[in-house]
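Thanks for asking for a second pair of eyes on this one. Here are my notes, point by point, to read alongside the model.

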Amino acid sequence: RGIPVTAAAEVNVCDFFEARLVIDWLSYLDNPEQDVAYCTALLSAIGGLTERELACVRLSCNAMQTKFESFRAACRAYVSLHAEEEIARKIVAFDALTDTLRAHMRVRTAAEMINELLSLGLEAQIAAKEGGRARVSRIRRLIAEGEDVDVNAFLSRLKAGGYQVGYAESGGEDSVRIVTAHSSKGLEYPVVIMAGAD
């Protein structure tokens, strides 16, 4: 409902849409043959494709009665057969951009790559969702994890840690503070709501 919240307990940043979006993008840049990460990137604000357009690619491949090992291979086949169509042009532009990003990835940290992805349109996509400010704050926490490592090492670190990145959310001074009954003892707060006490 857009009410700012401060929680004493940490949340896992990787459980949120925005973190999964960024992690999928980095995974795709690190290994372009991953279909889920590839589709996530295509459907993002940077990729600019829609679910309907991806379905057109798949249906076109079905019409060819050809079985492709990956969706990426299906996209390559689609581009070769339908080069003049808008979807093909979008895929070609996307591939050119990701080639450039992979070149950057060789000399930049994971944090720098996340910031570049944000500047290319992911930040606007994330901020446009409900609770955008909190979502961007969670991404900033993810960036802090990637300050000193390259993308591959960052993804390996996340995987080894079970995709757990703790973050104590803060909604600022005028926010609802969520705490346990034990930690709110005494007359510390002017208003206390005991949820689920029935």
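1. **Glu53 and its partner.** The side chains of Glu53 and Lys90 make a polar contact at 2.9 Å. By polar contact I mean a pair of N or O atoms within 3.5 Å, where within protein one must be able to donate a hydrogen and the other to accept it, and residues adjacent in sequence count only if both atoms are side-chain atoms. Glu53 belongs to helix α3 (residues 51-63). Leaving aside residues up to four places away in sequence, Glu53 touches Gly48, Ile87 and Lys90, contact meaning heavy atoms within 4.5 Å. Glu53 is buried, because its relative accessible area is 13%; buried is under 20%, exposed over 50%, and partly exposed in between (1.4 Å probe, protein chains only).

2. **What you are looking at.** This is a predicted model, in which local features need pLDDT of at least 70 and side-chain atom pairs count only at pLDDT 80 or more, while totals for chains, interfaces and linings use all residues. Residues are numbered from 1 along each chain as its sequence is written, and side-chain values use heavy atoms, with hydrogens and water left out. Helices (H or I, at least four residues) and strands (E, at least two) are DSSP runs, numbered from the N terminus.

3. **Arg138, with two partners.** Arg138 forms a salt bridge with Glu18, and their closest N and O atoms are 2.6 Å apart. The pair links distant parts of the chain, with Arg138 in helix α7 (residues 132-145) and Glu18 in helix α1, 120 residues apart. A salt bridge here is a side-chain nitrogen of Lys or Arg within 4 Å of a carboxyl oxygen of Asp or Glu. Both Arg138 and Glu18 are buried. The charged end of Arg138 also sits over the ring of Phe16, 3.8 Å from its centre. For this label, NZ of Lys or CZ of Arg must be within 6 Å of the ring centre and within 35 degrees of the ring normal. Lys129 lies over the face of Phe17, at 4.7 Å from the ring centre.

4. **Other salt bridges.** How many salt bridges does the structure hold? The count is 12. One of them joins Asp99 and Arg102 (3.8 Å, N to O), both in helix α5 and three residues apart, about one turn of the helix. An α-helix has 3.6 residues a turn, so residues three or four places apart point the same way. Arg102 counts as buried, because its relative accessibility is 14%. Arg157 and Asp148 form a salt bridge too, with the closest N and O atoms 3.6 Å apart. Here Arg157 is partly exposed at 37% relative accessible area, and Asp148 is exposed at 61%. Glu33, Arg72, Arg76 and Asp95 are linked in a network of salt bridges.

5. **Aromatic pairs.** The whole structure has six aromatic pairs. Why is the pair of Tyr38 and Phe71 called tilted? The ring centres are 6.3 Å apart and the planes are at 55°, so the pair is tilted. Rings of Phe, Tyr and Trp (its six-membered ring) pair if their centres lie within 6.5 Å; planes under 30 degrees apart count as stacked, over 60 as edge-to-face and the rest as tilted. Because Tyr38 lies in helix α2 (residues 35-43) and Phe71 in helix α4 (residues 71-81), the pair ties together parts that are 33 residues apart in sequence. Tyr38 is buried at 0% relative accessible area, and Phe71 is buried at 6% relative accessibility. Trp25, Tyr28, Tyr38, Phe71 and Phe94 form one aromatic cluster.

6. **Helix α4.** Eight of the 11 residues of α4 are buried, leaving the helix mostly covered. Among the buried ones are Phe71, Arg72, Cys75 and Tyr78. The buried residues of α4 pack against α1 (17-30), α2, α3 and α5 (86-105).

7. **The nonpolar core.** Which residues touch the most other members of the largest nonpolar core? They are Trp25, Leu26, Leu142 and Phe154, in a core of 49 residues. Such a core is a set of buried Ala, Val, Leu, Ile, Met, Phe, Trp, Tyr and Cys residues joined through side-chain atoms within 4.5 Å. Beyond residues up to four places away in sequence, Leu142 touches Val13, Ala19, Val22, Ile23, Ile114, Phe154 and Val165.
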